[in-house]
Amino acid sequence: MTWSIDFAPLVDWRLIAVLAVGVAAVSLLGLAQRVPGAWLRTLAASLFILALLDPSLKEEDREILPGVVAVVVDRSASQTLAERTAETDAARAELEARIGRLRGLEARWIDVTSTGADGTELFTALERGLADVPSDRIAGAVLVTDGQVHDVPERAEQLGFNAPLHVLLTGNDRERDRRLVVHSSPRFGIVGQEQQITFRVEDLGPREDTGPVAPRARVTISRDGEPITGMNVTLGDNVTVPVEIAHGGRNIIEIEAEEAPGELTTLNNRAVITVEGIRDNLRVLLVSGEPHAGERTWRNILKSDAAVDLVHFTILRPPEKQDGTPISQLSLIAFPTRELFSVKIDEFDLIIFDRYQSRGVLPVLYYDNIARYVEDGGAVLVAAGPEYADNGSIYRTPLAPVLPAAPTGTVTETPYRADLSDAGRRHPITRDLLEGAEAPDWSHWFRLIDSDVSRGATLMTGPDDKPLLVVEREGEGRVALMLSDHAWLWARGFEGGGPYVPLLRRLAHWLMKENDLEEEALIAQGRGDELVIERRTMADTAEPARVETPAGDVVELTLEEIEPGLWRGKTPVADLGIYRVAQGDLRTLANVGPDNPREFTDVLSTERALAPIAEATGGGMFRVADAGRLSVPRVLPMRTATRMHGSDWLGLKTTDASILRGVRALPLLAGLLGLVLLLAALTAAWYREGR
């Protein structure tokens, strides 16, 4: 209950003020001259003015609200190091007991568990936790943390309340740690070229005296989990190393420094750099054996691909057709067989023979060069026509050992729809061509070169399940056979056409070793708080994947088939960093979170970040563990002070916040009481004047 006097003027307060000034002037003059009855007239006039103000005695029924103290408990990854988790739990329990014993204070507990690219954000959590509390009810805030906080306000006014901020620090000031810092690194790189990475190794905390010899550390550099080099580096010095970009797509470069004696953690001894490998323009040599209706199909597909540099030759006149026409009228340049198939053959990523037959244009020796080119990592595609079944077939050359299908000598000429084999429904080249349909509705083709497949995978079939598209790996290289020359019917839109663009483009890129088209691949990547693992395989089953977490724990993950040839599994992730995934002979890495989390940039317990903001609010900094003994300061309520902490206590601001439940008002000069007082004063003044 609170009592107060309230005024509700019956007329404009300015009129009352003028009247009061006049009464005061007359009264003072009368009193000064000792006019008889002046004090009675003053009393009557004062009561009249007071009546115009209409005073009332007000009784308020108020409920006093407790002050709110926010206790933010840091549960980030750095708080799991050493004994910090136990220290945090003990400090929380002690604070809960001490605040609970104080009347007029209410504790609001805020646990911060997640950290992202921006590190530990305790003040963001504090703001959210107090968003529904009026600023006059906030008694203060207490942070239980190791001091590694990455969203500290620059000024105390940005906190949004006028109360002390106290910090209870876990850990100790004798901690030591080693970290690896990347100074500069590329985001992209050309496949086959080297990129420069600059880094340094630092030791933080108290150091041992090594004398005049500069301390050094052993560093290992790995790419996609495989060590590629090692070196000794001087601590604190920037070191630049070249690293080759081995393949297209993500190249995960990991730099790891050896463990230092007595260091806090080895999690920040490594740095991860993801470099996106970009292929320089792929060079393709297209040799067309003779003009035909679909000759420009391959040319148009390859010319429309910005990643491909195309060199195209068409054999307009084979040697047996010598009719005296000058060469200058048949072609712009002579066919440079030596330059293409001997001197510069290794510069091409793919050689395509489109309806080409051996008629002496290409010497036999160069076919042997092409076969060795395939064995050493090159790629050959034969788009066959009827000539593949003739005596002049390219199969009748030294190239035959790398070709997966031998012609039978017959050609099937009948309408048919190309279809996918069981292998084709699983292979990345052809898996999506049906777009979910059970059977193809593509236009008809009318020719197929009969062949006996000796090895490789048959992805597409023609009439009577005869092989239509065959692919095979030979040595380090790859070979493909398209046993029909009617793909141009799809390109021309005959009977609605078919998916010739994805088919031919994927086929060419598979031959050129595009990572996304590998039929046997293990892929892992972080998506939110999950690790997603995909396995592409031509097999009917996929064994479980073995996942090693950054903390060294091993999890076995069962994969489920989501479509033919593609298996997938998911597992929740709790830690940021590198996850190593293995299945059979395949290995891969996945980096969950940012490449180098800010959370582990510096893990030493420190007052440096939080001391300025705590001091600006009158709060204090306290170590909760001293020489192995828990030391939590006493909690005291305080009205106000500039410094709200001592060596063993912290102060919380008491508040006067309340809720008004009801109001009762008693008029003082209204009604009969006011009239009686006023008449009594006037009567006394009149009576005195009468004497």
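The paragraphs below lead through a predicted model of a protein chain, from its overall make-up to a few local features. Because the model is predicted, local features need pLDDT of at least 70 and side-chain atom pairs count only at pLDDT 80 or more, whereas totals for chains, interfaces and linings use all residues. Residues are numbered from 1 along each chain as its sequence is written, and side-chain values use heavy atoms, with hydrogens and water left out.

The protein chain has eleven helices and 38 strands, where helices (H or I, at least four residues) and strands (E, at least two) are DSSP runs numbered from the N terminus. Of its 691 residues, 47% count as buried, a word that here means under 20% relative accessible area, with exposed meaning over 50% and partly exposed in between (1.4 Å probe, protein chains only). Among contacts between residues at least 6 apart in sequence, 72% join residues at least 24 apart, a contact being heavy atoms within 4.5 Å. The chain exposes about 34,300 Å², of which carbon and sulfur atoms supply 50%, with accessible areas taken from the Shrake-Rupley method with a 1.4 Å probe.

One place to begin is strand S3 (residues 67–74), which pairs with strand S4 (residues 105–112) in the parallel sense over eight bridges; two strands pair if DSSP finds at least two bridges between them. Between S3 and S4 the chain passes through helix H3 (residues 84–100), and this β-α-β crossover is right-handed, that is, with the strands pointing away from the viewer, the path from the first strand over the helix to the second runs clockwise.

S17 runs parallel to strand S15, to which five bridges join it, and Leu286 has Ile352 as its bridge partner in S17. Four bridges also join S17 to S18, again in parallel, and here the bridge partner of Ile352 is Leu381. Helix H5 (residues 295–303) has Glu295, Thr297, Trp298, Ile301 and Leu302 buried, and these residues pack against strand S15 (282–288), strand S16 (308–314), S17, strand S18 (379–383), H8 and H9.

Phe353 also belongs to an aromatic cluster, together with Phe341 and Tyr356. Rings of Phe, Tyr and Trp (its six-membered ring) pair if their centres lie within 6.5 Å, and planes under 30 degrees apart count as stacked, over 60 as edge-to-face and the rest as tilted. By this rule there are six aromatic pairs. In one of them, the rings of Phe341 and Phe353 have centres 6.4 Å apart and planes at 10°, so the pair is stacked.

Two loop residues remain. Most residues other than glycine have a negative phi. Asp224, however, has a positive phi of about 55°; Asp224 is in the loop between strand S10 (216–223) and strand S11 (226–234), and counts as partly exposed because its relative accessibility is 27%. Glu495 likewise has a positive phi, near 55°, and is found in the loop between helix H8 (487–491) and helix H9 (500–511); at 45% relative accessibility, Glu495 is partly exposed.
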